[in-house]
Amino acid sequence: MTAAPDRAPGASGAVHLSGPAPPAVQRRILKVLVASQALGGAGMAAGITVGALLAEDLLGSTSLAGLPVALFTAGAALGALLTGRISQRWGRRPGLALGHATAALGSLGVIASATARTVPLLLFSLFVYGAGTATNLLARYAGADLAPPEQRGRATGTVLLATTLGAVAGPNLVGPTGAVSHAWGLPRLTGPFLLAVVAYTSAALVLALWLRPDPLLLARERQRGEKAGEWGGRRVRSGGAGVVTGAAVMVTGQLVMIAVMTMTPVHMTGHGHSTEAAGLVIGLHVGAMFLPSPLTGLLVDRVGRLPVAAASGVVLLAAGTLAAFTPPESPAGTALLATALVLLGLGWNMGLVSGTALVTDATAPEERAATQGLVDVAMSVAGATGGMVSGLVVAGSGYPTLALCAGVAALAVIPLAARASRSAVRPARAGV
């Protein structure tokens, strides 16, 4: 017998099936996603930590140091689109597994290109690597597929938290992995990409073997228990204000975060800081991107999607302002930049979790994956723009200008959230 659906209007007015999946099934799915995300996080950290430094070394130009982030975020746009389409047709398992395998292949290409000092191969490999790394963020939707509306924030947060394990360790392994690369006759900066090959390959195998049942396909089966296109006697309307608002919040956060994050290692090393110090700062930043996810998810479920989205803009402004006015040569420069980057990661996290819940609330299972893929395409395009522009701005006006302008731009999410709140209704809490 199919459980009776609860009615839970989202910000778009859509109604969603919230009858819970069997707890054992949801727990199993979350465990598999947690394992794959821990591995994928370590792989993702490679591009974040040394991508810009590797490009600066091969291209010999600070103004082009943002090109790697632009390329792998542009690749992520294509990866998000293809993964969304594959998941839409065949389920989350093949889409996510193929994405991780693609990232492993791109990482191999980066190692080969850096060893041969072949710039065209480096640029192409970074694009392929980026196409695969889109999977790291798309996995958050899989965690929310079977969650009732009042638990979607926490389900998303659980999946994102798992990314912390690898993502924080990755930047801090720049030294050890660099030593391994050097011992094997490879450039030291390829060390994190060696780790990425192993991590992404392992993540792909975990998903391919154990993500069963497929959460998206199971969500569709639950939907078919009701009349086609109607849950609880009301017609489902996917899209609308919920998707637009959620996408806008995530796109803004991605643009700001990528722009500042990309040039911080270049800014630090250019003022005498070691590569290890830059790796530590980025490691703390990446930790802040994912570690607060359970708390953020709880706030999203309890306080509401839109208040958390608006607060993300304030936190990102604080991050940009602190980064802009920190004198990098001072003894406290590393600590202050680390604090700024932690705030940057936290603001991004708040926007991502709240935006994900808004988009999931506003989409029905039969078309959810494709819509979510398009949203992440927009995020990737924003990230590519931020990565490319960041190098040009720093070369022309300096890092402080970049950080301050990015922080001010983040305030755009506040009027977006305020406007949406006029018609938004939070998903009903359990028992309401």
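Hello everyone. Among the elements of this protein, strand S2 (residues 234-235) has the lowest mean pLDDT, 40, while helix H12 (residues 305-324) has the highest, 95. Here pLDDT is the predictor's confidence in each residue, from 0 to 100. Helices (H or I, at least four residues) and strands (E, at least two) are DSSP runs, numbered from the N terminus.

A word on the ground rules. This is a predicted model, in which local features need pLDDT of at least 70 and side-chain atom pairs count only at pLDDT 80 or more, while totals for chains, interfaces and linings use all residues. Residues are numbered from 1 along each chain as its sequence is written, and side-chain values use heavy atoms, with hydrogens and water left out.

Back to confidence. The protein averages a pLDDT of 82, and 84% of the residues score at least 70. Two stretches have a pLDDT below 50: residues 1-19, with 61 contacts in the model beyond near neighbours in sequence, and residues 227-238, with 30 such contacts. A contact means heavy atoms within 4.5 Å.

Now the overall picture. The protein has 16 helices and two strands. Of its 432 residues, 59% count as buried. Buried means under 20% relative accessible area, exposed means over 50%, and partly exposed is in between (1.4 Å probe, protein chains only). The accessible surface comes to about 15,500 Å², and 68% of that belongs to carbon and sulfur atoms. These areas come from the Shrake-Rupley method with a 1.4 Å probe; for residues, only the protein chains shown count as cover. Among contacts with a separation of 6 or more, 85% are between residues 24 or more positions apart.

Let's turn to the aromatic rings. How many aromatic pairs does the structure hold? There are three. Rings of Phe, Tyr and Trp (its six-membered ring) pair if their centres lie within 6.5 Å; planes under 30 degrees apart count as stacked, over 60 as edge-to-face and the rest as tilted. In one of the pairs, the rings of tyrosine 129 and tyrosine 200 have centres 6.3 Å apart and planes at 80°, so this pair is edge-to-face. Tyrosine 129 sits in helix H4 (residues 119-144) and tyrosine 200 in helix H7 (residues 191-210), so the pair ties together parts 71 residues apart in sequence. Both tyrosine 129 and tyrosine 200 are buried. Together, Tyr129, Phe193 and Tyr200 form one aromatic cluster.

Phenylalanine 290 and tryptophan 348 also make an edge-to-face aromatic pair, at 5.5 Å centre to centre with 80° between the planes. This pair links distant parts of the chain, 58 residues apart: phenylalanine 290 is in helix H10 (residues 275-290) and tryptophan 348 in helix H13 (residues 333-361). Phenylalanine 290 and tryptophan 348 are both buried.

Staying with H13, this helix has 29 residues and reaches 42 Å from its first C-alpha to its last, close to the 42 Å expected at 1.5 Å a residue. The expected span is 1.5 Å times one less than the number of residues. H13 is mostly covered, with 22 of its 29 residues buried. Helix H14 (residues 368-397) has 30 residues and spans 42 Å from first C-alpha to last, close to the expected 44 Å. Just after H14, glycine 398 takes a positive phi of about 105°.

Leaving out residues up to four places away in sequence, glutamine 37 touches His100, Thr135, Asn136, Ala139, Val159, Ala162 and Thr163.

Valine 251, in helix H9 (residues 241-270), is partly exposed at 23% relative accessible area. With the residues up to four places away again left out, valine 251 touches Ala378, Met379 and Ala382.

Finally, the backbone in two loops. Which residues does a cis peptide bond join? They are arginine 212 and proline 213, with omega about -5°; proline 213 lies in the loop between H7 and helix H8 (215-224). In the loop between helix H3 (92-116) and H4 we find arginine 117. Arginine 117 has a positive phi of about 55°, although it is not a glycine, and at 48% relative accessibility arginine 117 counts as partly exposed.
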